[in-house]
Amino acid sequence: MQILYSRESARKSDGGATIPSKRGITILGDDSKSLKIHHLVKAPANTPWAKERQQSWDASFPATVYSTPEMTIDGTPCSAVTVILRTKGCHWWWSSGCTFCGYFNDTRDDVTSADLHSQWEHAKKKFNNFEGHSMVKVYTSGSLLEDREIPVDFQETVLRDCFELGKELIVESRTEQITEAKLAWATAINPNFTVAIGLEAYDDEVLRFHVNKGFTAASWDRAVERLQKYNLRIKTYLMFKPPFMSEADALDHCVRWIEAVAEQSHEISINPMNIQRGTVIDRLHRHREYRPPWLWSLVELIQISHRIVHPNGGKNGDDDQVSRLIIHPTAGGKIRGSHNCGQCDSEVVAAIERYAVSGSLDEFNGLDCECKKRWNQELTNDRAIPVPLGTSIPRRGLLSEVLRSP
Ligand code: SF4
Ligand SMILES: [Zn+2]
C-alpha cells in the first residue's frame, strides 16, 4: 500500500501546458513504485542463514516441551503441557506469510509422519503420559488440522491420545481448515477440544496491509459458526501493535477488536508484538521505525476492556464472565518485547500475568513509575499528529522524515 499526498503535483508553464514538477514533501513514500508486502515477507526466509538453520534441526525431536500453570474450562487452576512440534510449517507461509511470523526459523520442509510420531512419543515420555496435567497444547507453527502441513494419521494420533488420556486439548488453526468435513471427522475422534485461531485483528484493512494474514474477518466469523455447531471451544489471538501502527492506534483498535470477538470467544489471548528474527517487523525495528508496545499500554488495554469481558466488574470464574482475557507479554521487559523504562518492567509484567489468571483489576493497584508520563505523552502526540507510524521516541533521523513516515 502506498498513498501519496503531493502538495504540488504539477505547475503550469508559461505556454499553458502542464509540466510535472519536482514533488514537494509527501506524507508517505516518494514517487517510486510501491513494494509488495509479500516480497518483504519472503526475502529473509531464502537467505543462506535461514536455510542452514532449517537443515540443522533434528526432525525426530519436538522443538520444545514444557509445562505451565493454567486454568481448566470450569476455571479450576491446573497444569498444562505445551508441545511445540518440529513441522513443515504453515502453508500460508509457503505462499506468502504474516509480517511478524518468525516460525520459518524453526521448521524443516522434510518432516514426515514417522518424525512427528517420534516427537509425540518423546513429549509423552518426558511428561509421563501427561500424568498430573489436565491440559495439553499441541502447536505446530501452523495448523494441526491442515493436511498439507500435518499428515492425517498424525492429526488422528493427537486427537485420539488426548481423548483417551482424558486431557483437555488445545490446537491452533487458521480459518480455512475449519471446514464442516474436517470438524465432523475430528469430533468423531475427539468431541471436546479447543481451537485457537490467530485472528490478529478484527479489521480487514489491518489484516491485509499490516499483517498480510491472507484471510478476512468474515472468514473468522464463518469458522466460529462451524466450531459452535460442533460444540468446540474457541480461543482467539489478537495482535497488539502490528507493524505500521502507532501506539495510540494499537490501543484504540485492540479495544474494538476485543469488543467484536468477546461474545464468541471462550478466551481472548492478546499477543503484544515481540520481534522475531528475519521478519518484516524485525527490519522495521532494526531501522528504528518501530517500538514494541509499552507495558503501560497493555495495562490500559486491560483496564478499558475489563468491562467487555466482565460487564458487572467481576473477576475470572464469576457469573458475569463473557470471555477470559489473557496477556502473556512474550519477552516482556526486553527491548524486543513489550517494555517500559527498564526500572518498572518486571513489576508491571508480573501484574499483567497475575491478571491473566485472576481477572481482577486489583492486580494493578499501586502500580506506577516516572515513565508513565512519557508513555502518556506519546499517546497524546500520536493522537494529535497524523503520523502513521507513530511518534515514539526511539525513532531516529530528521524530524521531517519521521513525520513523513517514508
Ligand atoms: S498464519 Fe500463523 S503460522 Fe502462518 S504465517 Fe501467519 S502467523 Fe505464521
Ligand atoms: Zn518505568
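Colleague: Which residues does Leu238 touch, not counting residues up to four places away in sequence?

Modeller: The model is predicted: local features need pLDDT of at least 70, side-chain atom pairs count only at pLDDT 80 or more, and totals for chains, interfaces and linings use all residues. Residues are numbered from 1 along each chain as its sequence is written, while chains are lettered from A and ligands numbered from 1 in the order in which they are written. Two residues are in contact if their C-beta atoms, placed from the backbone, lie within 7 Å. With residues up to four places away in sequence left out, Leu238 touches Leu199, Glu200, Ala201, Cys254, Trp257, Ile258, Ile268 and Ile270.

Colleague: How wide an arc do the buried residues of helix α7 cover around the axis?

Modeller: Helices (H or I, at least four residues) and strands (E, at least two) are DSSP runs numbered from the N terminus. In α7 (residues 204-211), the buried residues are Val206, Leu207, His210 and Val211. They lie on the same side of α7, because the arc, taken from the directions from the helix axis to the C-beta atoms, is only 110°.

Colleague: In which strand is Glu200, a residue with positive phi, found?

Modeller: Glu200 is not a glycine, yet its phi is near 70°. Glu200 counts as buried because 24 other C-beta atoms lie within 10 Å. The strand that holds Glu200 is β7.

Colleague: How many residues of the shell around ligand 1 are charged?

Modeller: Residues in this shell have a C-beta atom, placed from the backbone, within 6 Å of the ligand; they include Cys90, Trp92, Tyr103 and Arg174. Ala, Val, Leu, Ile, Met, Phe, Trp, Tyr, Cys and Pro count as nonpolar, Asp, Glu, Lys and Arg as charged, and the others, Gly among them, as polar. The shell divides into six nonpolar residues and four polar ones, and the number charged is one.

Definitions and conventions
A residue is buried if 20 or more other C-beta atoms lie within 10 Å of its own, exposed if 12 or fewer, and partly exposed in between; C-beta atoms are placed from the backbone.
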